[in-house]
Amino acid sequence: MPADARTAPEAEPDTAPRLPRRVRIGYGLGSLCTGTFATVPGLILLYYLTDVLAVPAAVAGAAVFLPKAWDVLINPLVGAVSDRSRLRGGPRRPFLLIGACTLPPLFVLLFAAPPLRGAAAAGYVAALFLLAATAYAVFQVPYVTMPAEMTEDPDERRRILGWRVAFLGVAILLSGALAPAIAHADGDTPASYRLMGLAVAVLLAVGMFGAWFTTRRAPAVARSEAEPSLRAQLAAARSSRPFRTLVAMWTLQALAIGLMLAGVQYFATYTLGSAGAVTPLFACMIGPLVLFMPLWNRLARLRSTSYAQWCASLLYLVGAVALAFTRQAGPALGYAAVAVIGIAYAGLQLLPLTMLADTLADDVARTGKRRAATFTGLWTAAETLAFALGAGAFALVLAVTGFRSSDAGHRVDQPETALTGITLGMSVIPAVLAAASLWLLHLYRAPLQEEPAHAD
């Protein structure tokens, strides 16, 4: 059991006015971007480099990791600049518009590589991915900050996040199924990946422009206070033990998810024997998202958010362990284990965001300072770095175990060590990370306001 399961006082009646439904839904549209950009590069980009552009696994891992590592610097910087902004339209929405105008075309170019192979192709992809990651940060950091500034009522924040996570599920399911289907439709050719990049860019644009337009009448009941430097931002984070523990826990879980996302295409191709198997695999993982997310939310309200997070994390661990036995037991176990992971993933997408919003509100009550943008900038930096590390770590496992890269027209057989490495990267390593995150969750001390109002 998590260490914060304790009795909470009776909550005050909810007297805060609700936000307009259009604002809640419109804000949620932005998750069509965040869910898609977090999913598609993590799912496809490493495989695109090693199996379409013939980039060696270690070089491909660096090309995927280094641009996302840039987020550690750019995300807190975007948060600070947004905090200080006096642009017309408020401190957040102008940045949403800038991101919406730049990320979709950069994503198209990312998968529109000229006829290059090997290290030259890796350099092109790394440069475009760096620009795309920067454009994404300009959108994401202000976007994540907005719920803490639109309302101070924790129940209303949960309603906002409910719409956000609902659209997040739609984005992950749609992009995760659509992108591989288009990419594999013509035999993993560069042309099919270019078409996929264009289709995904349209989805990004719909979410980003939609969130910018529909939140133009969103209230601003609070305003974050900018920290003057990255050192000051890190000092602020260190001053909040709940935030430190929460971000460390989520970083480990995001790293585990990043490993699985990077590995699922390899798992489909080399363990299940078909590149096209990635679509049903991904459906098993993301299909439960919409169905089980309301149940995780209900469990959080009945017990506590951190209790529900504990259950989701433990279930993810069980599914990851089961996945390790797919080669011995057959594909049915693989699909079933991924479905269990999908049920857990529904909670892991919703619950840490709710815990973050409650932790930010607790920091305001405790310190009198509004540091939402500072903390969310650090949160998103840690998250994106973890996802990037996941892809880089999986590439390292491939390189160490002898994976052989190829292009679309010349497939090669993989050694047994590489097949074992794919299984380890998809199951055993994520399971170890999930177990470590459970220990951090045990150390987390939740704000009282995140506990259920009717606890006795």
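User: On a 1 Å grid over the protein atoms alone, a cavity is a set of points where a 1.4 Å probe fits but cannot get out. How many cavities of 30 Å³ or more does the search find?

Analyst: This is a predicted model: local features need pLDDT of at least 70, side-chain atom pairs count only at pLDDT 80 or more, and totals for chains, interfaces and linings use all residues. Residues are numbered from 1 along each chain as its sequence is written, and side-chain values use heavy atoms, without hydrogens and water. The whole structure was searched, and the number of cavities is 4.

User: What is the volume of the largest cavity?

Analyst: Grid points are joined across faces, edges and corners, and a volume is the space filled by probe spheres set on the points. For the largest cavity that gives about 410 Å³.

User: Which residues lie nearest the centre of the largest cavity?

Analyst: Lining residues have an atom within 4 Å of a point. The largest cavity has 30 of them. They divide into 8 polar, 3 charged (Asp, Glu, Lys and Arg) and 19 nonpolar (Ala, Val, Leu, Ile, Met, Phe, Trp, Tyr, Cys and Pro), with the others, Gly among them, counted as polar. Nearest the centre lie T34, A38, Y136, E383 and F387.

User: Which side chains meet in a salt bridge?

Analyst: A salt bridge puts a side-chain nitrogen of Lys or Arg within 4 Å of a carboxyl oxygen of Asp or Glu. The structure holds 1. Its N to O distance is 2.6 Å, and the partners are E416 and R327.

Terms used. 1 Å grid on protein atoms, 1.4 Å probe; cavity = no way out; pocket = protein on both sides within 12 Å on 5 of 7 lines; lining within 4 Å.
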